[in-house]
Amino acid sequence: MNSSSSPAPCSTRSWSISDDSLRRYVFFASESCIQELLSASDSDRAGNGDDGWKMLAFEDGVEISKRRSGSGSFHTFRSRWVLKSVSPEQFITVANAIDAAKQWDSDLVEARYIKDLDENLSIIRLRYGESSKPLFRNREYIVYERRETMDDGTLVVAVASLPKEIAAGLQPKQNNSIRGLLLQSGWVVERLDDDSCMVTYVVQLDPAGWLPKFFVNRFNTKLVMIIENLWKQAQACSAIPSITDPS
């Protein structure tokens, strides 16, 4: 048999869809993400300990919890913090996919908006370089970001990866990169009575490839750092008076 007849290496299929179809798909897909985020932010407040969340730590006023997903393959991580004398509008300026990705690993070599589908709906590319830690090294993510204000004033930022076929049609994967998946993730920022806010950050990440055994402990620390660093960034942007007790 002629060697030239050998099958070509498999590649990810790509779908080319119109902006209108993409907008309708993302609005539909993000609805479940928003509901999951709201549910995560509201759980455990009335002593409900059977909803699957397990508290791992309470450090510097930040609660860190995890929950195994329905399939059992991945854990969802959650951090919550009450910020005193901070309005949701002040914190939401830094609660977004790009600023959070910068906290995951400093070697974020590309973070850009690919498309703005609506006033509150965008497609973003995040790419990490060869100098990143093993969890993010040469990973890239094509995600949507949807920002919504609920009837009670709660602000929600829903972030998740697009299906790999749609992502490939929008942005072909680089040869040396691994395309990971950011599952249902994002922020819930709730207004409290004293012009403070409760911030909840939820993330479910599949970096693809081998997952290190120390992922859980390392990512717990990352969750604490993400909220603290973004709080400091919000302070700098809004000239918010310093707080001494975040709890």
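**Ground rules**

I am working with a predicted model, in which local features need pLDDT of at least 70 and side-chain atom pairs count only at pLDDT 80 or more, while totals for chains, interfaces and linings use all residues. Residues are numbered from 1 along each chain as its sequence is written, and side-chain values use heavy atoms, with hydrogens and water left out.

**Entry 1: salt bridges**

I took a salt bridge to be a side-chain nitrogen of Lys or Arg within 4 Å of a carboxyl oxygen of Asp or Glu. My search with that rule returned 16 salt bridges.

I then looked up Glu 110. Which residue has its closest N and O atoms 2.4 Å from those of Glu 110? I found Arg 112 there, in a salt bridge with Glu 110.

For accessibility I used these classes: buried is under 20% relative accessible area, exposed is over 50%, and partly exposed is in between (1.4 Å probe, protein chains only). Arg 112 is partly exposed because its relative accessibility is 34%. Glu 110 has 15%, so I noted Glu 110 as buried.

Glu 110 also forms a salt bridge with Arg 125, with the closest N and O atoms 2.9 Å apart. Glu 110 lies in strand E4 (residues 108-118) and Arg 125 in strand E5 (residues 121-128), so this pair ties together parts that are 15 residues apart in sequence. My helices (H or I, at least four residues) and strands (E, at least two) are DSSP runs, numbered from the N terminus. Arg 125 is buried because its relative accessibility is 3%.

I found another salt bridge from Glu 110 to Arg 127, at 3.2 Å between the closest N and O atoms. This pair links distant parts of the chain, with Glu 110 in E4 and Arg 127 in E5, 17 residues apart. Through shared partners, salt bridges join Glu 110, Arg 112, Arg 125, Arg 127, Glu 140 and Arg 179 into one network.

**Entry 2: Thr 76 and its strand**

I looked up Thr 76 next and found it in strand E3 (residues 75-83). Is Thr 76 buried or exposed? Thr 76 is buried, because its relative accessible area is 8%. E3 has 8 of its 9 residues buried, so the strand is largely enclosed by the rest of the structure.

For contacts I used heavy atoms within 4.5 Å. Leaving out residues up to four places away in sequence, Thr 76 touches Trp 53, Ser 65, Lys 66, Arg 67, Val 202, Val 203 and Gln 204. Thr 76 and Ser 65 are 11 residues apart in sequence, and their C-alpha atoms are 8.4 Å apart.

I counted strands as paired if DSSP finds at least two bridges between them. Strand E2 (residues 62-68) runs antiparallel to E3, joined by 6 bridges, and Arg 67 stands opposite Thr 76. E3 also pairs with strand E11 (residues 197-203), in the antiparallel sense and over 7 bridges. Val 202 in E11 is the bridge partner of Arg 78.

**Entry 3: Glu 63**

Glu 63 is found in E2. I noted Glu 63 as buried, because its relative accessible area is 10%. Its side chain makes a polar contact with the side chain of Ser 65 at 2.7 Å. The rule for a polar contact is a pair of N or O atoms within 3.5 Å; within protein, one must be able to donate a hydrogen and the other to accept it, and residues adjacent in sequence count only if both atoms are side-chain atoms. Beyond four places in sequence, the residues that Glu 63 touches include Met 55, Phe 58 and Arg 78.

**Entry 4: a charge over a ring**

Where does the charged end of Arg 78 sit? I found it over the ring of Trp 53, 4.2 Å from the ring centre. The test asks for NZ of Lys or CZ of Arg within 6 Å of the ring centre and within 35 degrees of the ring normal.

Most residues other than glycine have a negative phi. Asn 138 has a positive phi of about 60° although it is not a glycine. I located Asn 138 in the loop between E5 and strand E6 (139-149). Asn 138 is buried because its relative accessibility is 18%.
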